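The following briefing sets out selected features of the structure shown here, grouped by topic.

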Amino acid sequence: MIRELVRRLQFTEDTTIDGNRLDGFMQAFVDRFNALQPRDLERNWTETTFVAGYQPAKPVSAGGVYGSPSLPWMNPRNLPYSFTFNQAVDESLFYPTNEYRSKGWGLPFLKTSISLGGGDNYYQWSSSLHVFKPTIITKIMFVMRTDNEFTNSFIYGPNGEEVPPGKNQGDPSDDFTVELAVDNPFTQEGRSQGNTEVLRTRFPADAWKMNAAISTDMKPEYPAVAGPNPTGVYVNLDVEVPIPQNSRVRLNLVIPQYSNGLFDTPYDTGWGSTNSFAKQYYSVAISMLEKS
Amino acid sequence: MSQFTRKKLSRGVKLLLEHVYAPMESVAAALASARLAPKVVRDSETSFRVSFWVPQLSGYQLYADTSASSWQNKDKYAFAFPFAVPQPQELLNSSAIIDSSTARYSLEEMSVSFDQRAEPAAILDSNNAVSTQEGYLSHNAAKRLEIKLSLVEKAMLSYNSQSGTDPDREVFSATLSPTFYTGRFLRLNPFLFTDLNKDVHPYKTLMLCVQADGLHPDALPASAENLWLSMPSFLCTMRFSCERVARDTSADNVQNMPPHNGTTSTTPFNITTPTANATITAEASDGISTVASLFDGQLMNKLLSGYTKQGATSAYEFFTKDSGLEVVAVPLWSNFSHRGRLTSDTVGDAANAGGTPFSGPIVDERWIPINYPFVIHHCVLALNYGSPASAAAGGAPHLPTTSGAKPSSATFAGEVGVALFTGQQADHSAFQQVAHLSYTAANIANNTIDRIRHGADSSMTSFDHTFDLVQVPLVSKGATNGVGLKNIAGASIVQGPPFFVAKGASVVTTQGRSQAGANNPPATKGAEQYIVVRQSFTDPGGLGSDGAAGNNEVYAGVGGNWLYLIGKKTVVGGRDPKMTAGR
């Protein structure tokens, strides 16, 4: 079968070859190669990478003088009752419009009935992006870096005390969540209607460690007193998520804080019972392919 | 002008072979020698983004004034993010002359978003009457979320010593209305501007300014009616379209380069043409239909260019230019303390600062995954000194009475570095240095390419600029240097040649990568997984104001420091083999 990509005219036996037909054919041929279509190209995407991250200052509870804000970390839930919205507008009738800000973060051994501000049992860092043309998200990275001062051990029972039901002391943490969601195009403000495209939750942190046998550090060198080897958790997800044009993409990161467990007992974990957002520092990245 | 032309077959003209076959031979020759120019592809331009993604833009971090009278001068304050997109090394003109070889780019899109907790409300920051209300919602205060965006540019001091420190042109500006954020059923968050088509000068410094006066309570002190607000997880991403440029080859002496050296492979594309005075036929081996079907077949197989995900070339390619510019903006030291700044007054709260007077070194570090190939040509660091003064002195939460100053201690040392890293789920673990700069208060100007502030009214610092833009030199390839930018004294900064980055397919061999810095083969052996960016500060005399530093000397101002990785990326995608180093 002939797929006529460069011709609009047939030249076969029993067809004529005359000046008009040849002239039209050659014009179409030249035009075709002077204006190649994107479909003619095997590779026509370019990659772009978004990078975020920060290092929290020492909270006052950890010896800091000025303290660290908990923002951008906030609770993943907007409770509909039992608290006071600050300057709320008729909360009984209209608000909250979204009780749950994202999906898939609840732990069976940690209460989800949490208050409004930061803290309590969960923290969520939520970011969004408007995609105008079709794209493909290819990478999601969430690094929680530790050293001698950022001390999350990412295990249950680092102090040999009570751990959540079903966990043993020394088990790796599996209590944080990465979600990539796309807003529903018809109910954009309804988070319950959003499409979860990537959800990684309840996975062991020790799957994402680094080989620490590094002979030579980079410059500037990590302070020897801080423990120079890269420790912590380096979640690095290769994904292939096609995103339609005019979509709103949301990256939701949720970490726990063991203020009170299932039976109001603060379990022994690396996150601690206060300021769990300050137990590590962060690098976050999203890579995506865009049509060039 | 078109790349391919033909002779018209006008009435009465004798039909010659050249009427039919000359254009075919011309296209065939271009296919066989990879000489298809970008102009033959519709929408051939590539795109890159400059994205500022910060933990929060908070009223209390920016507006230090605690007196209502000072608050009347709102133009003194702005969140600002300066950057530059220097030309790739081989295209860099030492006099900033724009010519036909210059890679031009224009602003096409801008998207702005922040976290409202999925509600039509504003978010309280940490300085309100009840500190535990940080992160609370205020529906009433959402009406104060007016955001003014402005992308400005200025001539670089390195090219024009008289250009001052204030922006000289506004590229784009817009105001986002609070009504965008208060709808119950639809909120324009993220908000997107499209089809902007704003030309940008390729040799100027650019700066994104964000003013959101409503983050300040307006009347002071703050009360239940007048609240300090924040925009958590603020993300402004600007998409630029860019003309295609040629990828780096052996002539560019690229470091860490695979053995292919960027060479474009070709494949013969032979067509048979009739001899002179032969009869033109349709279906013979040299017939029109037969020859045309060869071109059909090539288009059906699609035209290749660019690199694979692992940085390999294809067996054959067809285009002269397959690359575009790339910028990765990396935040350092942002959101530090409730006042959002790392200064001689707050440095004691930094990890690893030690005891008074806090000699450090203190270190911040970002990790960036390597996914597709990228060639780094320049690293530019924006040092931020923005730390506005307060009308009233105070201790916690840090209320300085003087505006931000540069570090002045003779024993102060700053250091910034970029490296590749391999070692996740791997037998081999190593860093390979890409760029590095060690500087003091006395010699930072040697690498400074420009200075900028958001306007002449600025009170972000006690001097005439808020930011230094500093080139962080790429490491030299042994004794071989590349092309650096000029500093503000007009002297060229010495740096190494461009640096190739791509995750390889295996760590078993070195993949034949070229020398990188002093390492031959490179320490990462062609299997890099991450780019690591690190900045440190140290002062044996003390980073704190109790030591060698003065009051409100700023190591990273409001919004933090930024490091920009600037280079080239090829087009990618298509039928790559499915091999990935991570998961």
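B:Leu15 is placed in the segment before helix H1 (17–32) of chain B; helices (H or I, at least four residues) and strands (E, at least two) are DSSP runs numbered from the N terminus. The model is predicted: local features need pLDDT of at least 70, side-chain atom pairs count only at pLDDT 80 or more, and totals for chains, interfaces and linings use all residues. Residues are numbered from 1 along each chain as its sequence is written, while chains are lettered from A and ligands numbered from 1 in the order in which they are written.

**Surroundings of B:Leu15**

- B:Leu15 counts as partly exposed because it has 14 C-beta neighbours inside 10 Å. A residue is buried if 20 or more other C-beta atoms lie within 10 Å of its own, exposed if 12 or fewer, and partly exposed in between, with C-beta atoms placed from the backbone.
- Apart from neighbours within four places in sequence, B:Leu15 is in contact with A:Gly19, B:Leu9 and B:Ile280; contact requires that the C-beta atoms of two residues, placed from the backbone, lie within 7 Å.
- B:Leu15 and B:Asn93 are 78 residues apart along the chain, and their C-alpha atoms are separated by 50 Å.

**Contact between the chains**

- Chain A contributes 109 residues to the contact, and chain B contributes 128 residues.
- On the side of chain A that touches chain B, the elements giving two or more residues are helix H1 (19–34), strand S1 (45–52), strand S2 (122–131), strand S3 (135–146), strand S6 (231–243) and strand S8 (281–291) of chain A.
- That side of chain A has 53 nonpolar, 35 polar and 21 charged residues. Here Ala, Val, Leu, Ile, Met, Phe, Trp, Tyr, Cys and Pro count as nonpolar, Asp, Glu, Lys and Arg as charged, and the others, Gly among them, as polar.

**Chain B overall**

- Chain B contains four helices and 23 strands, and its C-alpha atoms fill a box of roughly 95 × 55 × 50 Å along the principal axes.
- Of the 583 residues in chain B, 60% are buried.
- Among contacts in chain B between residues at least 6 apart in sequence, 76% join residues at least 24 apart.

**Strands and pairing**

- In chain A, an open sheet of four strands runs in the order S2-S7-S4-S5 with antiparallel pairing; two strands pair if DSSP finds at least two bridges between them.
- The edges of this sheet are S2 and strand S5 (195–201) of chain A, each of which pairs on one side only.
- Neighbouring strands of the sheet are turned by 15 degrees against each other on average, direction ignored. The axes are lines fitted to C-alpha atoms, for helices over the stretch in contact, and angles run from 0 to 180 degrees between N-to-C directions.
- S2(A) pairs with strand S7 (residues 247–256) of chain A in the antiparallel sense over ten bridges, and A:Val131 stands opposite A:Ser247 in S7(A).
- In strand S1 (residues 46–58) of chain B, 13 of the 13 residues are buried.
- S1(B) forms an antiparallel pair with strand S11 (residues 229–242) of chain B over twelve bridges, where B:Trp53 stands opposite B:Leu235.
- Strand S18 (residues 448–452) of chain B has five of its five residues buried.
- S18(B) pairs in the antiparallel sense with strand S19 (residues 467–472) of chain B over four bridges, and B:Thr448 stands opposite B:Val470 in S19(B).

**Nonpolar cores**

- In the largest nonpolar core, of 199 residues, B:Ala329, B:Val330, B:Cys379, B:Val501, B:Ile531 and B:Tyr564 touch the most other members. A nonpolar core is a set of buried Ala, Val, Leu, Ile, Met, Phe, Trp, Tyr and Cys residues joined through C-beta atoms within 7 Å.
- Another core, of 25 residues, lies apart from it and includes A:Met26, B:Tyr21, B:Val41 and B:Phe295.
- Leaving aside neighbours within four places in sequence, B:Ala329 has contacts that include A:Val51, B:Val50, B:Phe83 and B:Tyr564.

**Backbone exceptions**

- Most residues other than glycine have a negative phi, and most peptide bonds are trans.
- A cis peptide bond, with omega about 15 degrees, joins A:Leu71 and A:Pro72; A:Pro72 lies in the loop between S1 and S2 of chain A.
- The peptide bond from B:Asn520 to B:Pro521 is also cis, with omega near 5 degrees.
- B:Asn253 has a positive phi, near 60 degrees, and counts as buried because it has 20 C-beta neighbours inside 10 Å.
- B:Gln425 has a positive phi, near 50 degrees, and counts as partly exposed because it has 15 C-beta neighbours inside 10 Å.
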